[in-house]
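Subject: Structure handover and notes

Hello,

Here is the structure I said I would pass on. Please open it first and keep it beside you while you read the notes below.

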Amino acid sequence: MNIVTRRDFIKQCGIGAGAIMTSTLWFDRLIAGSELPADLSLIRQKFGLRIEDIKKVLSLALTKGGDFSEIFFEYRISESVTMEEDIIKSSSESITLGIGIRVLKGQQIGYGYTNDMTIEKINQAALTAAAIAKGNSKIIAADLTVLKPKLQVYDLINPAHSQKIDTKIDMIKEAYQTAKNFDNRIVKVSASIADENQYIAVANSEGLMTFDTRPQVRLSVAATAADKGIKNTGSHSAGGRVGMNFYKNVKSPTEIGRRAAEEAIILLSAKNAPAGEMQVVLKNEQSGVMIHEAVGHPLEADANWKKQSIMWDKMGQMVSNPIVTIYDDATIPNYRGSLNIDDEGTPTENVMLIEKGKLVGFMNDRLAANIMKTKPNGHGRRETYQDVPIPRMNNTVLAPGDSDPKEIIESVKNGFYAVSYQGGQVSNTGKFTFSVNLGYLIEDGKITTPLKNATLIGTNTLILKEISMIGNDMGFFLGTCGKDGQSVSVTCGTPTLKINKMTVGGVV
Amino acid sequence: MKSSNESLLKIAEKLLSFGKSKGASQMQISIGKSQNFSVEIRNGEIERLQEAVSTGLALKVIVDKKVASASSSDLSVDTLEKLVDNAVARARYSSVDEFAELPELENINVNVDSLELFDPEVETITPDKKIEIALSLEKLGKADPRIQQSLGSYFGNSTGESFLVNSNGFSGSYRTSRCSSGVELQVGEGDNMYEDGWSDSSISYKGLMDNDEIAKKAIHRATRLIGAKKIGTQNVPVIFDQQMSASLLGFLASCLYGSSIYMNRSFLAGKLDTKIAGDNINIIDDGLMKAGFGTRPFDGEGVPTRIKAMIENGVLKNYLLDTYSSKKLKLKSTGNAGGTTNFYMKPGTKTPEEIIKSVDKGLYLVKTIGQGTVPTSGDYSKGAYGIWIEKGELTYPVAEITISGNLGKMLSNIEMIGNDLEFRRSIAAPTFKISEITISGK
């Protein structure tokens, strides 16, 4: 379980943009087809199935006595353009098309998938999944009722996937040039924009038939600085389930390029981090990676009903300092981890995890909810049709406190200030690390020397109790989280935090 | 797997002529097909059973020295032709790149069968047998009373075939097989829990490690962490066990990729033919090793793979290059489009026990957690688990510490190299000792 942050955050995206599906005339596009409808005609067109066929496949999957069957349909178009060494190097287009069929029998899962949309192959996948049960059954799936998601948390105005390629090229050029011209010690820059539109549909034997169309875009810059034999790379990116207006109104390509170059230049003068236990201040924005690792993963329901997580028996207990409140909210408009419905078709929710220090909730999927005798709360996600859904995070947030970030820094005599990260990792046992790309020394309440090459390490049950001050600021990073071999898009948000004692892994 | 081969090759060849007719100066198409099975067991029950066939196609077009690429899991002719159309049209928006070119046609002289990449027996194992293997593995893993619980065992197998054709006349394919099984265990109590396990993979069914041996390793690895303590911050010698030394070699490989070199994102850029490690360091990348996990007759562009010294007696001899990066660096492709092949450190003469004996006070590193590797600078920093060494003896386990250093310095400070090289992954190295690394703890 690890999270790869791409070192960035989004302040606010498309506030009040609301969820308006406009009937804009799409600009003439260079590539790919037009917007597809998110309804049964999509399934007909892309997967060759009618609603009565879907019911038949769902029923076939139940013939061995399974309790529940489900088909996940996925059609995804991704595009990217890359600039490197002053030229547009390449562009790519990628299509993912396939279905995954799942059968549940008690706590057991049977799974088959195919990217060959012939009815023989689809039936074969259904029978593969069916085989998790060993009996015979004549039960047929319920009639399907199309249910539209109630939420609409994506910015659908001016989406990236409907842009002409020259618009995207102009954007990465702007980001590239800003980084390149930032300082004459910047020697290499790469800039890219990647976007996708993922059409999904979920049908199950209980009669659910639902659809979702999910945009995602990200503009990334990496800048390498070299001077007097020292080299370092800084990077930055921004995006989410946003439209192109995000890059006009919230974060410009210029800003993204500047942040990457600035980090690379600061790193040139960075010293190796100190080593040992000390006070640590985590800057807002990217430090969300700690919340993701230390709190998020241990509170995913699968590790808890299986009694593998260190948190499984702590429900209702105080697990941290009472100033700490943490939730995972998939319904924040336009964020990278936001979803209307999860990958089992369940409407997403804002799930309170730790309320004023007390453990109150887990993020679950359908299976975990059944086993834990509660309701699914919309956190069942999968990377592609080839994967089974499992409980995952979306946008994990540590709620702001009342301390001025300046005050927090000033309260530290000698400590470490962590600013940007490569990522983090945690095990079920609550032991976690996060890898700092850039930090600073705090001396007598002041931020002084830039530091690099540090790993912060701790055990979540101990560190949560050591959080002593929480800032009144906030910030998010864009992440890609890996678990059980599946990567999904997430964000994580935190204000500036003070941790009384933590091990900083540096060099002496 | 057998009958569909021709049709996939035909799809690729047809698409190639379609691309040419649409204006592609050069074009490359690769297709991969695989059949996968896996069963996961937990607490004596099947937790998940999964089986599927999947196919994917990737293509690259070069139009007047301008590049575009595409990929798809939808192999219908309409979709593929549209992707080619789009790619040719999009390529016009790329800049002229004088280095963009497919490799010239080279003959593949190796007999693919002699590489032993495919074992037909893998396709004949019955699902019941696979389930039985995984069930028994978990049972063996849980047999030790110190094991709190099993996090699960699994058995998986896959067979696949890769095809590559390009407009320079290359056409090749090869089959691969793989089976693997493993078990993961949790030990300790309260807030002081640890987990570790063992898994093994093999190209042939017969080559897979016995369940008894896998379980024994998993139990040993998990239980040796029970009661781990945090130790003080200090600089000491650190012994990397086989997994840890291989993982460090993986970081080294990421610093040798041609793209990292021409983008100046490796501390080894510009260091070819210079001394970057101790005289005792010899690192090889061997694409032709019999039954090796990284073995393939040709790379992702149809360039023959080969055996080459990466580091010879401490001198950097080669980068890992594909056609594009080799042209950028005015070198020859090393047949590494798609990555390392079998990348390993040559063994030394000492037994791991002798290496441990040589340490008065230090760490035997067995597991790391976290990222913490920066190719641009060579900086290295990870969370660590290990066994503390006192007077040449392994004593108590340690945890919640970090180890930090710089790969450049670490390569020069490898003092003793073990004789225990084993090819259980495509990147492999024997146990070795690094003379001094900073441990951060209390």
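In what order do the five strands of the open sheet of chain B stand? The order is β10-β9-β8-β11-β17, and the pairing is mixed. Before the rest, two remarks on the source. This is a predicted model, in which local features need pLDDT of at least 70 and side-chain atom pairs count only at pLDDT 80 or more, while totals for chains, interfaces and linings use all residues. Residues are numbered from 1 along each chain as its sequence is written, and chains are lettered from A and ligands numbered from 1 in the order in which they are written.

Sheets and hairpins of chain B

Strands here are DSSP runs of E with at least two residues, helices are runs of H or I with at least four, and both are numbered from the N terminus. Two strands pair if DSSP finds at least two bridges between them. Strands of a sheet pair through backbone hydrogen bonds, either parallel or antiparallel.

Strand β9 (residues 307–312) of chain B runs antiparallel to β8(B), and four bridges join them. One of the residues involved is B:I283, whose bridge partner in β9(B) is B:I311.

B:Q35 has B:V53 of β2(B) as its bridge partner. The hairpin of β1(B) and β2(B) has two residues between the strands, and B:N43 takes a positive phi near 50° there. β2(B) is also joined to strand β3 (residues 66–72) of chain B, by seven bridges and in antiparallel fashion. In this pairing, B:L57 stands opposite B:S72 of β3(B). β2(B) and β3(B) form a hairpin too, with two residues between them, and B:D64 in the turn has a positive phi of about 50°.

Between the chains

β2(B) has a partner in chain A as well: strand β4 (residues 108–114) of chain A runs parallel to strand β2 (residues 45–63) of chain B, with five bridges between them. There, A:G112 has B:E51 as its bridge partner.

The contact takes 70 residues from chain A and 60 residues from chain B; residues are in contact if their C-beta atoms, placed from the backbone, lie within 7 Å. On the side of chain A that touches chain B, strand β3 (residues 87–105) of chain A gives the most, with 12 residues. That side of chain A has 26 nonpolar, 36 polar and eight charged residues. In this scheme Ala, Val, Leu, Ile, Met, Phe, Trp, Tyr, Cys and Pro count as nonpolar, Asp, Glu, Lys and Arg as charged, and the others, Gly among them, as polar.

Domains and helices of chain A

Chain A is divided into domain 1 (2–25 + 37–268) and domain 2 (272–505); the bounds come from an automatic or database domain assignment. Taken over C-alpha atoms, the centres of the two domains of chain A are 23 Å apart. In chain A, 48 residues of domain 1 are in contact with 43 residues of domain 2.

Helix α2 (residues 51–60) of chain A has the buried residues A:I54, A:K55, A:V57, A:L58 and A:L60. A residue is buried if 20 or more other C-beta atoms lie within 10 Å of its own, exposed if 12 or fewer, and partly exposed in between, with C-beta atoms placed from the backbone. The cover over these residues of α2(A) includes β2 (68–84), α3 (119–130) and β6 (186–204) of chain A.

One residue in a loop

Where in chain B is B:N280? B:N280 lies in the loop between α6 (258–262) and β8 (283–286) of chain B. B:N280 is partly exposed because 15 other C-beta atoms lie within 10 Å. Not counting residues up to four places away in sequence, B:N280 touches B:G348, B:I414 and B:I417. B:N280 and B:K142 are 138 residues apart in sequence and 42 Å apart in space, C-alpha to C-alpha.

Regards

Technical notes
Contact = placed C-beta atoms within 7 Å.
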